[in-house]
Every structure is written in C-alpha cells, then in structure tokens.
Amino acid sequence: MTVFWSVFRRDWLLAFRQNAEFLQPVLFCLLVVTMFPLGIGPSPATLQKVGPGIIWVAALLSSLLALEKLFKQDFLDGSLEQLVLTPGSLPMLALAKVLVHWLVSTLPLLILSPVLALFLNLTWDMYWALLCTLVLGTPLMSLIGAIAVALTAGLNKGGTLLGLLLLPVYIPLLIFATSAVESASLGIPFTGQLAIIGAMLLFAIALTPYAVAYAIKVSQN
Amino acid sequence: MWKWLHPYAKTEETYALCGRLYPWFLWPAIALLAVGTVWGLAFAPADYQQGDSFRIIYIHVPGAMLSMGLYAGMAILGFIGLVWQIRTCYMGIAAIAPVGAMMTFIALFTGAVWGKPMWGTWWVWDARLTSELILLFLYLGVIALYGAFDDKIQAGKAVAVMSLVGVINLPIIHYSVYWWNTLHQGATISKFDNPSISSDMLWPLLLNILGFGLVAGALACRRLQNEILTREMRRPWAQTLLLSNETGAK
C-alpha cells in the first residue's frame, strides 16, 4: 500500500507541475462535440436524439489521446524501469498510475459534462443518466486502455495503433452507456445498464492491474 | 503424459511437424471442398422460401464458424504462450491471425451478397453482422500490433495479451450487440436434437465446414513454417535446410 500511495503522490505532483498538457484532452472533447451541431444542423430534436452517442464517442476519442501519455514520459526517462525494479507490487503501482491519470485527465471531463449536455439539448433526466454512465464507464476505459498503452509504450508510432486496438474493445461500454441514456430519455429506469457497466468496472479493477503489470514488463523487454 | 508435447517448444520440431501435417490438411480439404461445394451449389434442393439464394450458406456458415474458432485458437495459443513461455505459440498467433481475418471477411462479404436479395440491403446494423465486423477489427488490431514491433519476441507477447483481452471481450460484445439490435435469423444447425434443416442440405454444409477447417489448418501450417523460417534465418538448422532446398531445386 505504501508503494501505491508514493506512486500516487509522485504522479499527482508531476501532473500538476506540468499542467500545460492535462486539459488538452478535455478541450479536444469539447471541440469534437461542438463540431457535431455544425455538421448535422442545429435542430434541438435531432441533437437531443444523437447527443448521448456524440458525447460518449467524443469521450472515447479524447481518452485515447490522453491515455497515450500514461506511460510515455516514464518510459522515455527510464523511471518506468526503476518502478518495475522496486520491491513493491507492480499491479498496485500500475493501478495507482491509472487512478491518477483518470483523476487528472478524465475528471475534468465529468466536470465539463453539464456544458456538453447543454450544447446538445439533453434533458435533466438524460444528463443524470449520462453522468452516472460517465462516472462508472470512464475508469473502465482507462483501466482497459492502460493494457494496450503499456504494450505499445516502447513504440514510436503509438497513436493510431492504439485506436485500432482499443476502439473495438470499448464497444460494449458505448452500447450500454448510450442505451442507459436513451432509457432515461423515455422515463424508463436505467439501473440495469448501470449495473452491467458497474460489473464490468469491478471485473476490470480486479484483473487489469495484472495485465498492465505484465504489459509493462513486456515493454521493458 | 505431456512429454510428447515438449519437443514442439523447439521451432525446428514444429517446422517439421507442420511440414508433415500440411499435405494431410491440404488434399482432404481440396476433396471435401470440391464435393461439398458442387453438391451444395448444384445438387442440393432449393429452399422453399429463399429459393437458390440460400446456397450462400455453403460458404457463409463455414467462414463464420471458422472466424470465431480461429480467434479462440489464437487466444488459447496466447494463453499457453504466456503461461509456459513458449515462443512457438506466439509465432502460431501471428500465423493464424491473417487466416482468421480472411475467414471473417468471407463471412461478411457472402453475408452482404445474400442480404441484398433477401433483406433488400447490403448492410444492416444487426447484432451478428456488427459483432462479426468487430471481430474483423480485432483481427486487424492483432495483425497491426504484431507488425508494429521490430522485436518479434516482444511482438508475440503483446499480441498474446491483446488476443486474450479480445477473447474476454468477445462474449460481452456479442451479447451487448445482440441486445442492441437483431435481425439475423436464429441458429439452424447447432440444434442437434432437432435440426431445422433437411439432411440433403445439411450434408454438403457439413462437408464444407470440415473442408474450410482443413484449408485453414493447411494455411496456418504453411504460414507458421514461413514465420519460423523468417525468424530463425540465422540458425544453423534453418540455413542447412534452406541450402539443401536450393540445391534440390536446381
């Protein structure tokens, strides 16, 4: 546990001392969402229909962008190798890194989400469902994404490859999340979809740290 | 009990095994496919509802079955490779992935051709079609990941991890899209106790399924041999083999 907190503290401080970068994914998400009303027309009914899907796809894409930086810096300056050599448990350490990354680059997205909902004319019920799915779904995204990010950390051509690897894997999350928001818009309870996303999240918390730890070792070769 | 498996961790032995298996896969496959396809496409009775269009199943169903089977095979190889650190398994993944992607493409393409007269459209966002498409993306991801690394041992471990992630996800993807939207007809031949297909139609289908499986086996063997040779080019055994082949050819 001490390893967990020391890595947590270190990454947290690093993120805030290099604060130029961590708002970029959020701004990217905001821009992608802004593009859609311009592309498909400003009719409030249409926007409300496609809104949840757009917000979720934008969140997926911006999380891909953000994830790319998860291990990059540490890999390049060699501190990832030092972390592998520490006697503490590597899965816990990976979990700490993912947690900080989520807090720093995805939490701002949740804070910004009312603005996105406003842009796309979502009702209050829809927004509430959207927020619930984002709270449960984005950590899942970061955890699964971390596996592929760790595997490709040593490659210089990470970006598009990461999308190719991760987007298919994210599909169930997208389906359940948008269907929860759709249920909310019809006034149907959406706890079922939330429960499934929550179950996937718990499953991921239990398993992915081990996969990420192994992937880090692979990238260190 | 498992002693007979151990030599195959050595690439040289696996190379020889693939060479021995290859004709056993290839020739029965050609025979089965010839009989099954001609029987299915020309002699099996037409469907009372779909007419002659139903004959696409003789290509479509084997392709779809193998697309999933080969992915499972890849994941099993990945698991064995990661647990027992056998690099022949990683090479096997690299050998199988393009074959699986091809089978997935065959299933999607023939499905689209069948969908045009039957559903009146090339493509619908139906559950099975979507999950098959996602399967194709998963295969392409594995192929791209393997290609991205210069160090192929690292690449092998990476694709093993990714194929395992994919295989955990596949059932979730399948059920999520199934729940999301469904138009595809239900299972026909897997209901063994009471199959809803006439035996005249069933036999050529079974022959073709077996034939496709053997073709996939033959291709995988050939590709694995190729992969082993490219990777082990610097090893003495590979060089002796290549030199002897060259003199033999002349």
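Residues are numbered from 1 along each chain as its sequence is written, and chains are lettered from A in the order in which they are written. Because the model is predicted, local features need pLDDT of at least 70 and side-chain atom pairs count only at pLDDT 80 or more, whereas totals for chains, interfaces and linings use all residues.

Visitor: Which helix gives the largest share of the side of chain B that touches chain A?
Guide: Counting two residues as in contact if their C-beta atoms, placed from the backbone, lie within 7 Å, 23 residues of chain B are in contact with 20 residues of chain A. The elements of chain B that give two or more residues to this side are α4 (127-148) and α5 (152-180), where helices (H or I, at least four residues) are DSSP runs numbered from the N terminus. The largest share, 13 residues, comes from α5(B).

Visitor: What do the buried residues of α2(A) pack against?
Guide: A residue is buried if 20 or more other C-beta atoms lie within 10 Å of its own, exposed if 12 or fewer, and partly exposed in between, with C-beta atoms placed from the backbone; by this rule the buried residues of α2(A) are A:Pro25, A:Val26, A:Cys29, A:Val33 and A:Phe36. Seen down the helix axis, they fall within an arc of 110°, so they line one face of α2(A), the arc being that of the directions from the helix axis to the C-beta atoms. The face turned away from the buried side carries exposed residues, among them A:Leu27 and A:Met35. The buried residues of α2(A) pack against α3 (44-67), α6 (90-105) and α7 (107-119) of chain A.

Visitor: How far apart are the end C-alpha atoms of helix α2 of chain A?
Guide: The expected span of a helix is 1.5 Å times one less than its number of residues, so the 17 residues of α2(A), residues 24-40, should span 24 Å.

Visitor: Is B:Gln85 buried or exposed?
Guide: B:Gln85 lies in the loop between α2 (57-84) and α3 (87-119) of chain B, and its phi is positive, about 55°, although it is not a glycine. Most residues other than glycine have a negative phi. With 11 other C-beta atoms within 10 Å, B:Gln85 is exposed.

Visitor: Which residues is B:Leu41 in contact with, leaving aside its neighbours within four places in sequence?
Guide: B:Leu41 is found in helix α1 (residues 11-43) of chain B and is partly exposed, with 15 other C-beta atoms within 10 Å. Its contacts, with those neighbours left aside, are B:Arg55 and B:Tyr58.
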